[in-house]
Amino acid sequence: MTVTFDRASEIQLNSQVSSFLKQPKKLLINGKWVDAANGKTFPVYNPATGEAIAQVAEGTAEDINQAVKAARQAFENGPWSRITVSDRGKLIWKLADLLEANLEEFAELESIDNGKPIGVARVADVPLAIDLLRYMAGWATKIEGSTIPISVPYDPGSKYFAYTQREPVGVVGQIIPWNFPLLMAAWKLGPALAAGCTIVLKPAEQTPLSALRLGELICEAGFPDGVVNIIPGYGETAGAALAAHPDVDKVAFTGSTEVGKLIVQAAAGNLKKVSLELGGKSPNIVFKDSDLETAIPGAANAIFFNHGQCCCAGSRLYVEQSIFDRVVEGVAEQGKKIKVGPGLDPTTQMGPLVSDEQLDRVCGYLQSGLSEGATAVIGGQRIGDKGYFVEPTVLVNTKQTMKVVQEEIFGPVVTVLPFQEIDELVSIANDSIYGLAAGIWTKDIAKAHNIASKLRAGTVWINCYNIFDAALPFGGYKQSGWGREMGREVLENYTEVKSVCVKL
């Protein structure tokens with residue numbers, strides 16, 4: 001692999017981003033940018049260098065409380081409660097237009113904040129966020145109820161008119177992760193706004209910059225005060241306070257399964273509704289009858305995309321025995337070709353991990369796997385001592401019981417295991433506490449559909465991987481979460497169904 005991480009400090013930011021970074025980073029509460037109640041700030045780091053690039057207001061429970069009050073007021077008494085659904089959709093569409101007009105700025109912010117290659121942010125993260133907002137803008141006018149013919153046995157001869165309507169759930173707390181900061185903000189904000197909810201958004205403390213810049217666009221678009229409030233801060237303070245707040249009607253969380261369980265416990269106080277998009281350890285299956293010219297780079301992309309920091313990453317690669325060596329060699333060769341460097345370098349194909357904490361986590365798993373007998377065909381260690389870079393890694397001689405096979409690493413590390421029988425394959429593929437995604441590579445479409453039906457995963461990709469669309473629901477089975485993001489199904493996260501019955 002080619003490594004250019006030493007160029008990180010040489011790359012110049014564009015003037016818009018430089019100007020944004022120099023401005024105070026405050027909280028957005030009730031349409032105003034304010035300091036944290038305690039006056040504190042926290043640093044945000046460039047993962048390519050480990051250097052601080054901004055100071056951000058540190059929201060805590062008091063700030064969450066003020067934001068929830070603003071959201072409640074906007075929901076019950078503000079103009080948001082009276083705006084037409086058509087105008088609601090227009091505002092969301094306008095936000096998408098503003099985001100598109102500032103695409104390059106957001107791509108650079110995502111790159112410097114998260115570490116991802118700017119080319120990826122430019123063609124994937126930001127365009128997908130724009131598309132999601134426009135898709136959800138269209139749903140604002142299409143959230144419908146239905147009429148229901150009913151029969152009442154104990155009131156024969158009477159007539160009734162019965163119908164349902166979908167109403168916004170109310171004030172929503174949304175907590176998003178650091179791996180796709182802007183895209184996850186759009187995934188959360190779009191459907192909640194389309195449904196008519198008001199929002200308190202807490203971005204990840206590692207990557208708050210694009211959410212704060214998006215907040216400026218929300219104000220520019222003309223959303224009423226209090227409809228969207230943005231409170232950066234730490235999970236154990238701001239996040240915990242939001243999940244437990246008694247005046248929040250629903251909490252939507254994307255992140256680790258461990259934190260998801262804490263969210264559920266915190267939400268129990270007022271039995272607020274909860275949706276969770278959590279971890280994964282997704283099986284990616286390559287059969288001997290697959291097109292290896294497509295399957296091998298596809299398997300490499302499934303794990304190395306976004307530095308492996310994807311909840312749906314194809315981190316467990318199962319390969320039919322007769323082609324095992326060829327696939328391992330091919331994926332390793334793909335990994336060797338990856339150019340690792342700072343995200344702002346336009347030639348970079350894989351950037352650093354997001355933080356020193358994540359670097360320690362991934363390196364800890366590498367040490368665990370190697371100590372248990374796994375072999376690194378490529379990679380297996382940190383790159384350099386500046387920034388948070390890890391080598392693309394392919395591990396063989398692994399066993400189903402190893403931590404590196406069972407636990408989510410969230411880094412560019414794939415374990416490769418052989419299989420012989422389909423029944424055996426389905427069993428080991430489903431041998432996980434997670435059930436977020438899976439991949440199947442084969443030319444036998446009947447076999448592909450048959451296995452897809454047996455895999456306990458919310459998304460199954462056949463002869464492709466990491467394909468996302470705003471209309472396609474995304475979420476998991478088992479400990480990968482509750483509910484779905486995107487598509488028609490996401491609206492169920494943010495609406496209540498009311499039945500109305502009228503005696504005629």
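**Largest pocket.** I sorted the residues lining the largest pocket by type and got 19 nonpolar, 11 polar and nine charged. Asp, Glu, Lys and Arg count as charged; Ala, Val, Leu, Ile, Met, Phe, Trp, Tyr, Cys and Pro as nonpolar; the others, Gly among them, as polar. The model is predicted, so I note the limits: local features need pLDDT of at least 70 and side-chain atom pairs 80 or more, while totals for chains, interfaces and linings use all residues. Residues are numbered from 1 along each chain as its sequence is written, and side-chain values use heavy atoms, without hydrogens and water.

I then looked up the volume: the largest pocket holds about 960 Å³ of space. Its lining has 39 residues, and W178, F253, G255, S256 and V259 are the closest to the centre. Helix 8 (235-244), strand 11 (250-254), helix 9 (257-267) and helix 12 (356-371) each give two or more residues to this lining. (A pocket is an open set of points on a 1 Å grid where a 1.4 Å probe fits, with protein on both sides within 12 Å along at least five of seven lines; lining residues have an atom within 4 Å of a point. Helices, H or I, of at least four residues and strands, E, of at least two are DSSP runs.)

**Second largest pocket.** I found about 320 Å³ of space here. Of its 17 lining residues, N301, F304, F305, I338 and Q349 lie nearest the centre. Helix 5 (118-139), helix 10 (292-304) and helix 11 (324-337) give two or more residues each. Helix 10 gives the most, with four. By type I noted eight nonpolar, seven polar and two charged.

**Aromatic rings.** I counted 12 aromatic pairs, meaning Phe, Tyr or Trp rings with centres within 6.5 Å (stacked under 30 degrees between planes, edge-to-face over 60, tilted otherwise). F42 and Y234 form a tilted pair, 5.2 Å centre to centre with 50° between the planes. The two are 192 residues apart, F42 in strand 4 and Y234 in the loop between strand 10 and helix 8. F42 is buried at 1% relative accessible area, while Y234 is partly exposed at 26% (buried is under 20%, exposed over 50%, partly exposed in between, with a 1.4 Å probe).

I also checked Y135 and W139, an edge-to-face pair at 6.4 Å and 70°. Both lie in helix 5, four residues apart. Y135 is partly exposed at 24%; W139 is buried at 12%. Elsewhere, ring pairs link W187, W461, Y465, F468 and F474 into a cluster.

Methods
Points joined across faces, edges and corners; volume = space filled by probe spheres on them. Phe/Tyr/Trp six-rings, centres within 6.5 Å; stacked < 30°, edge-to-face > 60°.
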